[in-house]
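The following note sets out points for a colleague who is reviewing this model. Each numbered point takes up one topic.

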Amino acid sequence: MVEITKQLSLQAAKGTGGDRVCEEHQEALKLFCEEDQTSICLICRESQAHRAHTVVPIQEAAQEYKEKIQAQWKTLMEEIEKVPGFAETIEGKRQEYLKQTQTERQKIVSEFQELRQFLAEQEQLLLAQLEKLDKDIVRIHDENINKLSKQISHFCLQIIVTKEKCQKPANEFLQDIRSTLSMCEKWKFQEPEVISPELEERVSGFSQKTIALLEALRKFKDTLPSELERKRGQPVGAHRQVNVTLDADTAHPQLVLSEDRKSVRWGDTQQRLPDNPERFDYDPCVLGCEGFTLGRHCWEVEVGDGGCWALGVARESVGRKGQISCSPERGIWAVEWLGQFQALTSPVTPLCLNQAPSRIRVCLDCDQGQVTFIDAGDEAPIFTFPLGSVPGERIRPWLWVGGSRLRLCP
C-alpha cells in the first residue's frame, strides 16, 4: 500500500510540472480550490465560480495533502503493528476456550459414566432382589403343596380306618365309639398360608421402591428433550411433539381400538372385557398410555366429520367408575363438539366456531400448569386453560367418543 501511494504521488508531482492545463482557458493549473477540491488556473480564480472560494498555490496544496496522507500512513502502520498482539490475544482465547470445553467434556464423560454405573448397579440390585423374591415365592408354594399333600394323605388314611371300622359287627363297631367320634370331630382341613405377611410386605415394599425409581427416571427423561431443544437453538417455550398411543386397559367396553392403538371408534355392541380398576365403565372414555409430569408436550388428533366427541387431558387419578363430570374440578381439561364447539369449563365456555377443526393440537405445559388447544390446519388458537390450572401430578391424554371416530396423528 505504501509503495502504491508513492507511485501515485510521483505521478501527481509530474502532472503539476506544467504538463496539465485548464481545459476551459488553456492556462497552466497553478492554483488549488479548497472548496471544490480541484486544480484551477488564474483566470478560473477570477471567475464567478471560484471568486469567493479559498485557493492556495498548487505546490503548497500538494505538500499539505501529502502530509495528511503520510499522517494516515503513520496511523495505519501503528494499527498494523497491533495485529500481532491481536493475533496473540485471539490465540490465547482460543486455547482458553478449548481448555474449558475439554474440561466440560471430561465432566460430562465422567458424570455419565458414573450415572451409567449407578443405573447398572441399581438394575442388578433390583433384579437380584426380584430373583430372591421369585425363589421365596416358589419355596413357599412348594411348602404349601407339600403340606396339602401330607394333609390329604393323613385324611385318606383316617377315612380308610373308619371305613373298615364301620364294616365290623355292631358290638365290635360300638366298642370305643366315643374315641372314634372324637377323632372324627377333630378332622379339620388347615388351609395353607398362601403368602406370609413378611413376604407380602417385601413384595409390596419392592413394588413401591420400583415405582418411585421408575417415576424418577421418567421425570429425568422428560427434562432431557427440553434441554436438548435449547441446545439446538429452538425456542425455550416450544412444545415437544410426542407419539401418543391409547391404553386399552382404560377403554370403555363400547369403544373399539385399532390394532396400532392410534384410533378409537364407538362400537355397535359392548365387548366382554374385564372390569379392572383402570377401565371407564359408564362414560365412553379412554386414556393415552403416556403420562407427563414435567416439560412441554403436544400431540394432534383427527376428529373427522359428524358424531360427538371431546378431547384433552386428564390427571392420573381421574374417576373411572360411574358417571363422571368433565371439568377441571374433576381432573379433566378438554374441548368438545356436541353440535356446537365449547370448552369444558365450569360452566362450559361456548367457542365461536361454525364447525370443529378437522385436526386439533393439544399442547400441555406441565411446568406452567397450562393446556392450550390449536387448530392444526391454520395454527389458529382455539382455547387455553389459564396458567396454574393443571395440578403438578401425572397428566395423560384423554378422549371421549360418542358415535364418532378419533385418530391420534403419528
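1. Cysteines. The model is predicted. The cysteine sulfur closest to that of Cys-298 belongs to Cys-363, and the two atoms are 5.0 Å apart, which is too far for a bond. A disulfide would require the sulfur atoms to lie within 2.5 Å. By this criterion the number of disulfides is zero. Cys-298 is buried, because its relative accessibility is 8%. Cys-156, at 41% relative accessibility, is classed as partly exposed.

2. Nonpolar cores. The largest nonpolar core comprises 35 residues, and those with the most contacts inside it are Trp-299, Leu-311, Val-371 and Phe-373. Beyond its neighbours within four places in sequence, Val-371 is in contact with residues including Val-313, Trp-333, Val-362, Cys-363 and Leu-364. Further contacts of Val-371 include Phe-383, Thr-384, Phe-385 and Val-390. As general background, nonpolar side chains tend to be buried together in soluble globular proteins.

3. Strand E16. This strand covers residues 395-402, and eight of its eight residues are buried, so E16 is largely enclosed by the rest of the structure. Strand E7 (residues 285-287) runs antiparallel to E16 and is joined to it by three bridges. Strand E9 (residues 308-315) also pairs with E16 in the antiparallel sense, over eight bridges. Trp-400 of E16 takes part in both pairings: it is the bridge partner of Cys-285 and also of Ala-310.

4. Strand E10. Residues 332-337 form strand E10, and six of its six residues are buried. In a regular strand the side chains alternate between the two faces of the sheet. On one side of E10 the buried residues are Ile-332, Ala-334 and Glu-336, and on the other they are Trp-333, Val-335 and Trp-337, so that both faces are covered.

5. Partners of E10. Six bridges connect E9 and E10, which pair in the antiparallel sense. In this pairing Trp-309 has Trp-337 as its bridge partner in E10. E10 also pairs with strand E11 (residues 341-343), again antiparallel, over three bridges. Glu-336 stands opposite Gln-342 of E11. E10 and E11 form a hairpin with three residues between them, and Gly-339 in the turn has a positive phi of about 85 degrees.

6. The sheet E2-E1-E3. Which strands lie at the edges of this open sheet? Its three strands are arranged in the order E2-E1-E3, with antiparallel pairing. The edge strands are E2 (38-40) and E3 (55-57), each of which pairs on one side only. On average, neighbouring strands are turned by 35 degrees against each other, direction ignored. Strand E1 (residues 31-33) pairs with E2 over three bridges, and Phe-32 has Ser-39 as its bridge partner in E2. Helix H3 packs on the sheet and touches E1, E2 and E3; the direction of H3 makes about 95 degrees with that of E3.

7. Thr-162. This residue lies in helix H3, which spans residues 58-166. Thr-162 is buried, because its relative accessible area is 12%. Its side chain reaches the backbone oxygen of Ile-159 at 3.0 Å.

8. Most residues other than glycine have a negative phi, and most peptide bonds are trans. Gln-26 has a positive phi, near 55 degrees. Gln-26 sits in the loop between helix H1 (2-15) and E1, and it counts as exposed because its relative accessibility is 54%. Gln-37, in the loop between E1 and E2, has a positive phi of about 55 degrees although it is not a glycine. With a relative accessible area of 45%, Gln-37 is partly exposed. The peptide bond from Ser-346 to Pro-347 is cis, with omega near -5 degrees. Pro-347 is placed in the loop between E11 and strand E12 (349-350).

Key. Residues are numbered from 1 along each chain as its sequence is written. This is a predicted model: local features need pLDDT of at least 70, side-chain atom pairs count only at pLDDT 80 or more; totals for chains, interfaces and linings use all residues. Side-chain values use heavy atoms; hydrogens and water are left out. A nonpolar core is a set of buried Ala, Val, Leu, Ile, Met, Phe, Trp, Tyr and Cys residues joined through side-chain atoms within 4.5 Å. Buried means under 20% relative accessible area, exposed over 50%, partly exposed in between (1.4 Å probe, protein chains only). Contact means heavy atoms within 4.5 Å. Helices (H or I, at least four residues) and strands (E, at least two) are DSSP runs, numbered from the N terminus. Two strands pair if DSSP finds at least two bridges between them. A polar contact is a pair of N or O atoms within 3.5 Å; within protein, one must be able to donate a hydrogen and the other to accept it, and residues adjacent in sequence count only if both atoms are side-chain atoms. Axes are lines fitted to C-alpha atoms, for helices over the stretch in contact, and angles run from 0 to 180 degrees between N-to-C directions.
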